[in-house]
Amino acid sequence: MTQSVLFTTYARYPLNLVKGHGSWVWDDQGNRYLDFMSGLAVTNLGHAPEKVKEKVKAQLDELWHISNLFHIPQQEKAARLLTEVSCADAVFFCNSGAEANEAAIKLARRYHQKVKGADRYEIITFEQSFHGRTLATLTATGQQKVKDGFLPLPEGFKTVPLHDLDALRSAIGPKTAAVMLELVQAEGGVYPVERGFVQELAALCKQEGLLLILDEVQTGMGRTGTWFAHQQYDVEPDIFTTAKGIASGLPAGAMLAKDFLREAFTPGTHASTFGGNPVSAAAVIATIETMREERVPERAAEASAYLMEQLRVALADQPFVRDIRGLGLIIGIECAGPVGEIVTAGQQNKLLFVTAGPNVIRLLPNLLVTREEIDQAVETLTGLIADHAAKDAVKEEMKL
Ligand SMILES: *Cc1c(COP(=O)(O)O)cnc(C)c1O
């Protein structure tokens, strides 16, 4: 192959994937792989889900793009469906998770400054969090590696340790506008946030007049076994964001909020050229309709319980494995050492999965994954981990 002219922002795997269907993808040599990464929690209904494909094709025959200067009925319908499956009253569509979080940050600032007339702009976030790669969202992110070389960072963000209410309390000041968190820190190592902490945090936000923003870019759209993860925590955020699984693989993101925040975004205050365009909105509609008709969030919860149990049994006596945790179908297997070689070995054995930090294997199957597919993945993975742990170098380093 000739030298790529793309920026080398990704260390890409040496596979050329050309086709996908359900839980399976094929490379250009005709090899079939079991996909337990779903394009990073995006293809939640599997590859090329029939109903979404049909709706998008039909929309392509009608109208591709018209701009948000006009009413877009597909966008209206997609928004209404999102409000039907969540506590949100208002929706803004964009094209990605980072943009959805940008919209949330802007809405929080504007609400305080224009509606409440208060000089509040600061957003408190948590260590190990991930909120995106734009300047504001990488500043919100609690991981140094995404910030290196991008100084100066925008003002108005503070990061505190997760599960530390005292640190949170002392970080709150007269300028604080909102607290923003993920309910499962997925990129940061698959750490589900404790229920008690989330509830106390929500109460603290109410008491202090702060907005609670939940980043459900990865945890939303059924991924954790409910439409949105916060539905399992018995809290209602003022603002939440979602993206990855929202359009089954087409680019889309959404920022959702309670009714009282509507007045903060008046015409001209925020916009996106492509956001909610007829084609991606059609994909959002078909994704939600499929999820409703096929009980996808419930099935994700069932698949999660089965997968967790199979992993716990299969890996119970494996000293290289330190912890198995997660929520719904975001599952992390924390190991005693780096797991990059296990990912590579997985590809050679036709099983695709990713990492979450150096020592954590992250499994993200689609939400309709079958028991047979789970059994096959667990068997392959157990063998891969055993082979890796049996290497002399690994044994020596880990003192296994
Ligand atoms: C992936 C992700 C983002 C960023 O989404 P993009 O679509 O890549 O901009 C933000 N927050 C969380 C929690 C994510 O998982």
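A: Start with burial. A residue is buried if 20 or more other C-beta atoms lie within 10 Å of its own, exposed if 12 or fewer, and partly exposed in between; C-beta atoms are placed from the backbone. Two notes on the source. Residues are numbered from 1 along each chain as its sequence is written. This is a predicted model: local features need pLDDT of at least 70, side-chain atom pairs count only at pLDDT 80 or more, and totals for chains, interfaces and linings use all residues.

Q: Is Asp215 buried or exposed?
A: Asp215 counts as buried because it has 31 C-beta neighbours inside 10 Å. Its place is in strand β10, residues 211–215. Strands (E, at least two residues) and helices (H or I, at least four) are DSSP runs, numbered from the N terminus.

Q: Which residues is Asp215 in contact with?
A: Contact means that two C-beta atoms, placed from the backbone, lie within 7 Å. Leaving aside neighbours within four places in sequence, Asp215 is in contact with Asn101, His131, Met180, Leu181, Glu182 and Thr241.

Q: Which residues does UniProt list for "binding site"?
A: UniProt positions use the numbering here, feature names are shortened, and annotations may be inferred rather than shown by experiment. The unreviewed entry lists Gly97, Ala98, Phe130, Asp215, Glu216, Val217, Gln218 and Thr273. They are spread over 177 residues of sequence, and in space up to 25.3 Å between C-alpha atoms.

Q: Where is Gln218 found?
A: Gln218 is in the loop between β10 and β11 (239–242). Gln218 is buried, with 26 other C-beta atoms within 10 Å.

Q: Where does UniProt also place "binding site"?
A: The unreviewed entry places this feature at Arg133 and Ser272. Arg133 counts as partly exposed, with 14 C-beta neighbours inside 10 Å. Ser272 also counts as partly exposed, with 17. Not counting residues up to four places away in sequence, Ser272 touches Cys94, Asn95 and Glu99.

Q: How do I read two packed helices?
A: Two packed helices are described by the angle between their axes and the distance between the axes. Axes are lines fitted to C-alpha atoms, for helices over the stretch in contact, and angles run from 0 to 180 degrees between N-to-C directions. Here, the axes of α2 (residues 50–62) and α8 (residues 278–293) come within 8 Å and cross at roughly 155°. That makes α2 roughly antiparallel to α8. Angles under 35 degrees count as roughly parallel, over 145 as roughly antiparallel, 65 to 115 as roughly perpendicular and the rest as oblique.
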